[in-house]
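Please read it alongside the model shown here.

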Amino acid sequence: MTTKTFKGGTHPPHDKPAASKPIVTATAPSRVVIPLSQHSGAPCEPLVKVGDEVKMGQKIGDVKAFISAPVHSSVSGKVVEIAPYFNPGGSSPMCVVIESDGKDIWAEDVKPNKPLEELTGEEIIKITKEAGIVGLGGAAFPTHVKLIPPEGGLEALILNGAECEPYLTCDHRLMVERAEDLIYGTKAMMKALQARKCYIGIEVNKPDAIAVVREAIGGDSSIEVVELEVKYPQGSGKQLVTAVMNGMEVPSGKRSTDVGVQVSNTGTAIVIADAIKTGRPLIDTVITVAGSGVNENANLLVRVGTIFTEIVEQCGGVKDNAAKIIMGGPMMGGAVPSLDFPICKATSGVLILTKEESVIHEILPCIKCGRCVNVCPAFIMPNFISNAGEQNNYAAAKKFNVDECIECGSCAFVCPAKRPIVQWIRLCKAEIRAMSSK
């Protein structure tokens with residue numbers, strides 16, 4: 001079968017040491033730090049106060065804003081602090097700190113919903129919202145908002161099972177181990193969206209996932225696995241639409257729904273299945289712990305609010321030559337200064353790299369080779385935009401369509417001059433936003 005893909009992109013080393021490691025439930029933490037903002041949109045307001053006893057799955061933060069998602073406790077125990085904590089992104093959202101009682105007593109309202117066949121689309125959207133489900137592909141956009149159907153329904157839902165970032169294997173393992181729930185959640189999403197077809201895009205380097213997902217689909221012709229070429233950023237929204245929908249392009253400044261397609265993540269479909277079947281809110285997530293700087297690579301089911309340190313210790317700790325911590329994948333993830341940060345809903349990985357892998361290269365002048373332009377999947381000019389950023393010329397960056405950049409990092413990866421192209425592009429975006437808000 002011919003594999004599908006998009007124009008541009010690159011091939012970072014395929015280094016996935018945890019690909020064959022089954023998902024293991026991490027040891028329950030004695031203390032959790034749960035941010036009240038783990039999603040795109042408005043942060044939640046606390047529903048609890050210091051001294052309150054809470055149960056596992058209890059809603060502890062919510063807000064009436066349309067684009068937001070409630071937050072729930074991942075342990076039973078006592079609230080000991082509500083205060084701002086720094087997160088890896090540099091902001092400091094309010095967090096609810098809970099000391100666990102070790103009993104894992106579930107909240108009374110966590111109970112199974114009606115079978116999928118008896119649920120309406122509106123009820124599925126409500127269940128998804130109340131469970132605090134956000135997209136697990138990285139952006140953490142509230143899923144209930146994405147499930148609202150356009151008038152007349154949707155042409156297609158595309159689920160991203162590409163997992164094209166090196167090291168990360170959590171989506172791969174979820175597809176292999178929970179294919180039945182993936183299809184259950186897929187059907188729920190299709191019902192809410194009134195989608196006529198669903199395509200599950202999986203890179204061909206995951207043949208075991210392709211096989212089990214196809215088996216779980218059975219004879220349902222409305223759901224189809226699409227085999228994708230192994231290439232980065234194959235899982236990015238607009239690129240996935242182009243690959244799966246035979247060259248269809250999402251116009252500049254538009255969303256995929258404008259061309260009748262919604263894109264989500266396979267892991268998101270599975271947590272929707274959990275919310276319907278058990279009433280379980282999104283209080284834990286599967287992450288990959290990997291890298292040459294950690295003693296044991298693993299895929300772990302981790303409770304939201306668990307501090308990185310506890311997770312890494314369960315993987316044998318770090319090696320003597322460990323030098324760099326990245327939250328997420330090496331291409332789109334971000335370096336963090338320590339292991340003192342909590343796992344959030346959309347955390348996909350914690351990477352520990354060695355000194356040898358963390359060399360800071362000298363930044364040389366652009367040699368105008370054009371490699372960054374050739375690999376750019378957004379068809380913009382990363383060289384021009386980054387040069388503008390380097391010179392603080394943000395008007396020029398805007399002229400070169402800086403907002404079209406998806407920040408995949410392909411340009412910086414192939415740059416022979418080792419220029420931090422994507423970092424300059426991010427700077428441009430931030431400065432333009434700041435100027436627009438004045």
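The model is a predicted one.

1. Between strand 11 and helix 6 there is a loop, and proline 233 is found in that loop. The peptide bond joining tyrosine 232 to proline 233 is cis, with omega about -5 degrees.

2. Helix 6 spans residues 237–244 and is mostly covered, six of its eight residues being buried. The buried positions are Gln239, Leu240, Val241, Thr242, Ala243 and Val244.

3. Against which strands do the buried residues of helix 6 pack? The partners are strand 9 (156–161), strand 10 (198–203), strand 11 (223–228) and strand 12 (261–265).

4. Asparagine 246 follows helix 6, and its phi is positive, near 55 degrees.

5. The loop between helix 11 (394–399) and helix 12 (410–414) contains asparagine 401. Although asparagine 401 is not a glycine, its phi is positive, at about 65 degrees. Its relative accessible area is 44%, so asparagine 401 is classed as partly exposed, the class between under 20% for buried and over 50% for exposed.

6. Glutamate 407 also lies in the loop between helix 11 and helix 12. Its phi is near 60 degrees, again a positive value in a residue other than glycine.

Technical notes: Residues numbered from 1 in each chain as written. Predicted model: local features only at pLDDT ≥ 70, side-chain atom pairs only at ≥ 80, totals over all residues. Heavy atoms only, no water. Buried < 20%, exposed > 50% of the residue type's maximum accessible area, 1.4 Å probe, protein only. Helix = DSSP H or I, 4+ residues; strand = E, 2+ residues; numbered from the N terminus. Contact = heavy atoms within 4.5 Å.
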